[in-house]
Amino acid sequence: MTLLRLRTLSKTFEREPVLDAVSLDVEEGSILCLLGPSGCGKTTLLRIIAGLEIPDTGTVYFDDRDMATVAPHLRNFGMMFQEFALFPHKNVLGNITFGLKMQKRPRREIRARAKEMLSLVGLEGYARRNVSELSGGERQRVALARTLAPNPRLVLLDEPLGALDKALRERLLLEMRDILKKVGVTTIFVTHDQTEAFAIADTVVVMDRGRIEQTDTPENLYAHPATASVALFLGFHNLVRGRIEAAGTMSTDLGILRLAEHGVPTGRDVMALIRPDGARIREASDQPDEGKTIISGVVKNCLFKGRNYHLELQTGTGQVLAFDISNESRPADPGQLIELILSPEAVVVMTDSLVEPFT
Amino acid sequence: MLIAGIPLGFLAVFYFYPLMKIFALSFMPEGTLSLVDLHGLVSTSYYLKTLWFTTWQAALSTILTLVVALPGAYVFARLRFPGKTLLQSLTAIPFVLPSVVVAAAFHALLGPNGVVNTWLMNGFGLETPPIQLNHTIWFILMAHVFYNYTVIIRIVGGAWSRMQSSLTEAANMLGASPWTAFRKVTLPLLFPSICAASLLVFIFCFSSFGVILILGGPRYATIEVEIYRQAVHIFNLPMAAALSLVQICFTFLFLWVYTWLQRRTTVALYPESRRITQKRPTTIRDRCILGANITIMALLLGTPLLALVIQSFTAGDGFSLVFYRALLENPSQSIFFIPPVQAIGYSIGFALIALILSLIIGLLAATFLSQEKSRAASLLDPLFMLPLATSAVTLGFGYIIALDKPPLNLRTSILLVPLAHTLVAYPFVVRSVLPALRSMPKSLRESAVLLGASPVQTWIHVVMPIIRRAIIVGAVFAFTISIGEFGATVFVARPQTPTIPLAIYRFLGQPGALNYGQAMAMSTLLMLVTAAGFLFLEKIRMSHEGEF
């Protein structure tokens, strides 16, 4: 069932458009992740859902009800902020019970619920601790417990791990996913970190410049970025422009590229990305094979990275492509002219890409 | 050590020696230890009444200031609007104005001959002024709110703007209405800074002198005013000394509590960049709050000063320069021996001497404090600041009982006034220069020395150019403080060499339109000088943030 329905939400801050006609459906019980670079509008979208910002146009429907007239404190949504926004004048218990007290629940129930929450996030015995005595990870857990305690119908998480260091982030990420799934609450999660998004989300929504670029499962998103900006954001920089041809190929400045299965009609101008891990250096012993895509160029750089070599290749058109080459092959020297063999799966046609100027 | 010697010697002679004399006079009025006067003082109902009045008027002033200024603190902390920085600077001007100017401004607005009464009398054909505030407590309270508005704005507003806006939003998301979130989250977090700001306002009102002397009339007296009356009018020096002792004890007690409180306010609020916590007033509620506050600021802070200027240019029914012209003359019935314009000359002269002395003493003290990392420096730092914690009236009184006979007879010396001003002003030089000196890398001075520069050359060619701006700030501070100083000057200035604030005080105390008008004209001039000095300092502070 669709719990949250966003329709053509737009917002402008000081004449800068931040959101541009965003529409989105969120299924009940799912974890949805808004992913994008900073300034893409993802936090604004989250704050509009929370009711902390008012959209210029568009509507938020929750449970088929227009939320425009519902004040944030009456929505019963939970929200976890960047840096957590724990109340410094209250201890752990005071923070966790704040929402329950606002709902005027009976004291016994509040105590029981707080205890339940503390054990859910693994902080038994921390009730009387001062917030300033907690480590970053403990603060994050208190913030999560505080958000979940009043039983919100929707949980909004704004970069909930952004304030923590990397090692801690990875551990807490899995822990948080487990907790959210155990509670079964519908969750919208905002992050600029794709590993976070992939690890936690059922559905990832990539945003750029106030628009939704692609909505997909993490696996599909990674395998088939729909637009150039999604590809670039996911770290794929080998982008080429070309035209789809009949025989399962694409003609580009680099030459004819063989393609795997794709659904794009013949004759369309599209962008494609070349996966960095889909190439190997052509050895002298290789058979001169008809069915292979071969690109040649001058080695700009070849760095040993342990598991592989990071190779930068300057092609005849001047474009620089980057590849991760298996460390089993012989390294190439800068300045050397080499040929790479691309597998058809390495070339991904981006279905939504209207051709934009890229270099 | 020689560097510290000069400021310490100055402090010993012109601060501790007079203070000692006050102690001696209150404990041993006849040369032997006698607690009769002190005991007599404490047991009289008059004394208790004075102390009680001092306390309750200060408390009431503080509460009123808090009520009026807290919404303003919200506006400056949370909203972004055009002209905000300018408005913030302007609201601070009352705080730096000399007390006589403030008193004159309230006379100009609401006094018997003030703008409002004149308009009402003309408009409704009344015979007597309808608003009778002169010599009432309301006049005093209004002036105190006027004075201290910016203290609340700066301290509470500062803490408020450093508070994460996500804290109240988190409360909202947990089901707290905006009002509940304010009560349960914002207010508790602001409480320490509200306490600190209130205490500071209370201290200022507790030692209020000029405002009460002029606006309160004979009916009201704080301890400070009573010291002045006992010393100058009744000439009961032991009584004045005993009162000074009480005043000193209270001020030190309050300031000690304040320092303690201030140390506590700097915790618990996670810093956040200003841009995020401040928003444009887009909601109707915020627009109303902004509009109401700007109106209050204009009415409370703007109209008295505007009235002052209007009155200084109004003679009879229209615009006139007669009062400004009269400042240049010396009519026979004048209460001075000299034309009033000479008071301006004396003021400027005194201020320049005080500026030079403050710079010498302040720079030496700051240099010493920045070089020594020893315990001596950490002990001397608060010692150098002590004059700030002592009311000008007690200092002035100390001067007249200590420095009028051998070994140090400066009673007739023209230097007595600038010396008193120096004592009040040099701590500001130290506070301006010390951070600049401390932030200067030691290696700069050391490389100059290794390149063959003598200590004096190093100072002139390396240190001075680098801290030049801080020195200018200290100098402007010293000048503006000296030119507006009233509490100490009223004791130590000789009748032939009055300063501008003294002249205003005397003009206000005399009947007649000409005297009144001249008070307005002089106050306007003094207001312009002080406001200009302050705005100059603000401009420097804004353009190079982080050094103060």
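1. His107(B) sits in helix H5 of chain B, residues 99–110. This is a predicted model. His107(B) is buried, because its relative accessible area is 10% and the cut-off for buried is under 20%.

2. Trp138(B) belongs to helix H7 of chain B, which runs over residues 137–162. Trp138(B) has a relative accessible area of 52% and is therefore exposed; the cut-off for exposed is over 50%. Trp138(B) and Phe27(B) are separated by 111 residues in sequence. Their C-alpha atoms are 37 Å apart in space.

3. Ala402(B) lies in helix H18 of chain B, residues 392–402. Its relative accessibility is 1%, so Ala402(B) counts as buried. Which residues are in contact with Ala402(B), leaving aside neighbours within four places in sequence? They are Tyr17(B), Pro18(B), Lys21(B) and Leu408(B). As for Val430(B), it is 28 residues from Ala402(B) in sequence and 26 Å from it in space, C-alpha to C-alpha.

4. Next, the packing of helix H3. In chain B, H3 (residues 45–78) packs on H9 (residues 178–206). The angle is about 135 degrees and the axes are 8 Å apart. H3(B) and H9(B) are therefore oblique to each other. The crossing of H3(B) and H9(B) is right-handed.

5. The H3(B) side of that contact includes Leu51(B), Thr54(B), Thr55(B), Gln57(B), Ala58(B) and Ala59(B). Ser61(B), Thr62(B), Thr65(B), Leu66(B) and Leu70(B) are also on the H3(B) side. Facing them in H9(B) are Ile194(B), Ser198(B), Val201(B), Phe202(B), Cys205(B) and Phe206(B). The residues of the contact of H3(B) with H9(B) comprise 10 nonpolar, 7 polar and no charged.

6. H3(B) has another partner in helix H14 of chain B, residues 284–312. The axes of H3(B) and H14(B) come within 9 Å and cross at roughly 125 degrees. H3(B) and H14(B) are therefore oblique to each other. Is the crossing left-handed or right-handed? H3(B) passes H14(B) in a left-handed crossing.

7. From H3(B), the contact with H14(B) draws on Val68(B), Pro71(B), Gly72(B), Tyr74(B), Val75(B) and Phe76(B). From H14(B) come Arg285(B), Asp286(B), Ile289(B), Leu290(B), Asn293(B), Ile296(B), Met297(B) and Leu300(B). The residues of the contact of H3(B) with H14(B) divide into 10 nonpolar, 2 polar and 2 charged.

8. Turning to chain A: it has 8 helices and 20 strands. Its C-alpha trace spans about 80 × 45 × 35 Å along the principal axes. Chain A has 359 residues, of which 49% count as buried. Take the contacts in chain A with a separation of 6 or more: residues 24 or more positions apart account for 66% of them.

9. Most residues other than glycine have a negative phi. Phi of Thr8(A) is near 40 degrees, a positive value. Thr8(A) is found in strand S1 of chain A, residues 2–13. At 44% relative accessibility, Thr8(A) counts as partly exposed.

10. Asp63(A) also has a positive phi, near 55 degrees. Where does Asp63(A) lie? It is in the loop between strand S4 (57–62) and strand S5 (65–66) of chain A. Asp63(A) counts as partly exposed, because its relative accessibility is 33%.

11. Last, confidence. The model scores ipTM 0.81 and pTM 0.82. Chain B averages a pLDDT of 84, and 92% of its residues score at least 70. Where pLDDT is low, the predicted coordinates should not be read in detail.

Methods:
Residues are numbered from 1 along each chain as its sequence is written. Chains are lettered from A and ligands numbered from 1 in the order in which they are written. This is a predicted model: local features need pLDDT of at least 70, side-chain atom pairs count only at pLDDT 80 or more; totals for chains, interfaces and linings use all residues. Side-chain values use heavy atoms; hydrogens and water are left out. Axes are lines fitted to C-alpha atoms, for helices over the stretch in contact, and angles run from 0 to 180 degrees between N-to-C directions. Helices (H or I, at least four residues) and strands (E, at least two) are DSSP runs, numbered from the N terminus. Angles under 35 degrees count as roughly parallel, over 145 as roughly antiparallel, 65 to 115 as roughly perpendicular and the rest as oblique. A crossing is left-handed if the near helix is turned anticlockwise from the far one by less than a right angle, and right-handed if clockwise. Contact means heavy atoms within 4.5 Å. Ala, Val, Leu, Ile, Met, Phe, Trp, Tyr, Cys and Pro count as nonpolar, Asp, Glu, Lys and Arg as charged, and the others, Gly among them, as polar. pLDDT is the predictor's confidence in each residue, from 0 to 100. Buried means under 20% relative accessible area, exposed over 50%, partly exposed in between (1.4 Å probe, protein chains only).
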